[in-house]
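Me: I have a model open and want to go through its packing. Can you take my questions one at a time?

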Amino acid sequence: MRELTFKGYLLSELQTLSGVKSTSLYTFSHIAEKNARLKDALCLYLVLFTEEKLLNRLVNKYSYLKAPCSKLSELNQTNIGSYLHRDDLSEYETIYKNYLYIRNQKAHDDKIKEMMYLRITETIKLKNITNYRIYTTLSLNPGNANAFLKNGDVSKVSLDTTRRILRFVNEY
């Protein structure tokens, strides 16, 4: 799976907030006039990922974009975290923090699954439960369940499945 980029995140936010599956910046600009959250995401996208010529055309056509885009004029891809930390840019910082949270969510989930794995293996040894009993009772894929239960491969099971296994071994 490809890693989520800020550009991809912003584009998906623009589509979600506008309710349009398009990638047209003109469409987003037309809709954003009445939607503040869409306008904020659009301004970030325009300043960071569009050519200056297109940015100028959009700002000239949609004058409400001029002030927020000029406020972000010093922003570039290398100073995002530090630049958006300013008090007057909190709405943009929120967008960036949401992106970071989503981008890092898999790593957080994996850490949780690793902690649950340790508890599961302790309980399995204590209660003498076989892997076969676990994956047949819970109707799990035997290969993925064994990879997780024997080797601790957290990529083979979802967080929900890990929770189900933990609940099962605790109640056994």
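Me: Which residues do ring pairs link into a cluster?
Reply: Phe6, Tyr9, Tyr45, Phe49, Tyr96 and Tyr99 are linked that way. Rings of Phe, Tyr and Trp (its six-membered ring) pair if their centres lie within 6.5 Å; planes under 30 degrees apart count as stacked, over 60 as edge-to-face and the rest as tilted.

Me: What should I know about the model before going on?
Reply: It is a predicted model, in which local features need pLDDT of at least 70 and side-chain atom pairs count only at pLDDT 80 or more, while totals for chains, interfaces and linings use all residues. Residues are numbered from 1 along each chain as its sequence is written, and side-chain values use heavy atoms, with hydrogens and water left out.

Me: How many aromatic pairs in the whole structure?
Reply: The search finds 10. Tyrosine 45 and phenylalanine 49 form a tilted one, 5.6 Å centre to centre with 50° between the planes.

Me: Where are those two in the chain, then?
Reply: Tyrosine 45 and phenylalanine 49 are 4 residues apart in helix H3 (residues 36-49), so about one helical turn separates them. Helices here are DSSP runs (H or I, at least four residues), numbered from the N terminus. An α-helix has 3.6 residues a turn, so residues three or four places apart point the same way.

Me: Buried or exposed, tyrosine 45 and phenylalanine 49?
Reply: Tyrosine 45 is buried at a relative accessible area of 9%, and phenylalanine 49 is buried at 18%. Buried means under 20% relative accessible area, exposed over 50%, and partly exposed in between (1.4 Å probe, protein chains only).

Me: And why is the pair of tyrosine 96 and tyrosine 99 called tilted?
Reply: Because their planes are at 40°, with the ring centres 5.9 Å apart. Both tyrosines lie in helix H7, 3 residues apart, about one turn of the helix.

Me: OK, helix packing. At what angle do H3 and H7 pack?
Reply: About 80°, with their axes 10 Å apart. Axes are lines fitted to C-alpha atoms, for helices over the stretch in contact, and angles run from 0 to 180 degrees between N-to-C directions. H3 and H7 are therefore roughly perpendicular to each other. Angles under 35 degrees count as roughly parallel, over 145 as roughly antiparallel, 65 to 115 as roughly perpendicular and the rest as oblique.

Me: Which residues meet there?
Reply: From H3, Asp40, Ala41, Cys43 and Leu44; from H7, Glu91, Tyr92 and Ile95. By class, the contact of H3 with H7 has 5 nonpolar, no polar and 2 charged residues. Contact means heavy atoms within 4.5 Å. For the classes, Ala, Val, Leu, Ile, Met, Phe, Trp, Tyr, Cys and Pro count as nonpolar, Asp, Glu, Lys and Arg as charged, and the others, Gly among them, as polar.

Me: How do H7 and H9 pack?
Reply: Helix H7 (residues 90-127) and helix H9 (residues 142-151) pack at about 80°, with their axes 9 Å apart. Lys113, Tyr117, Ile120, Thr121 and Ile124 in H7 meet Phe148, Leu149, Lys150 and Asn151 in H9. The residues of that contact divide into 5 nonpolar, 2 polar and 2 charged.

Me: Which residues of H9 are buried, and what covers them?
Reply: Ala145, Asn146, Ala147, Phe148 and Leu149 are buried. Their cover includes H7, helix H8 (131-137) and helix H10 (159-171).

Me: What caps the N-terminal end of H9?
Reply: Asparagine 141, with a side-chain oxygen 2.8 Å from the backbone nitrogen of glycine 143. After H9 comes glycine 152, with a positive phi near 75°.

Me: Switching to alanine 32. What does it touch?
Reply: Leu38, Lys39, Leu42 and Tyr64, not counting residues up to four places away in sequence. Alanine 32 lies in helix H2 (residues 25-32) and is buried, with a relative accessible area of 1%. Its C-alpha atom is 9.3 Å from that of tyrosine 64, 32 residues apart along the chain.

Me: Last one: is arginine 37 buried or exposed?
Reply: Exposed, at 57% relative accessibility. Arginine 37 lies in helix H3, and its C-alpha atom is separated from that of tyrosine 132 by 50 Å.

Key
Polar contact = N/O pair within 3.5 Å; in protein donor to acceptor, adjacent residues only side chain to side chain.
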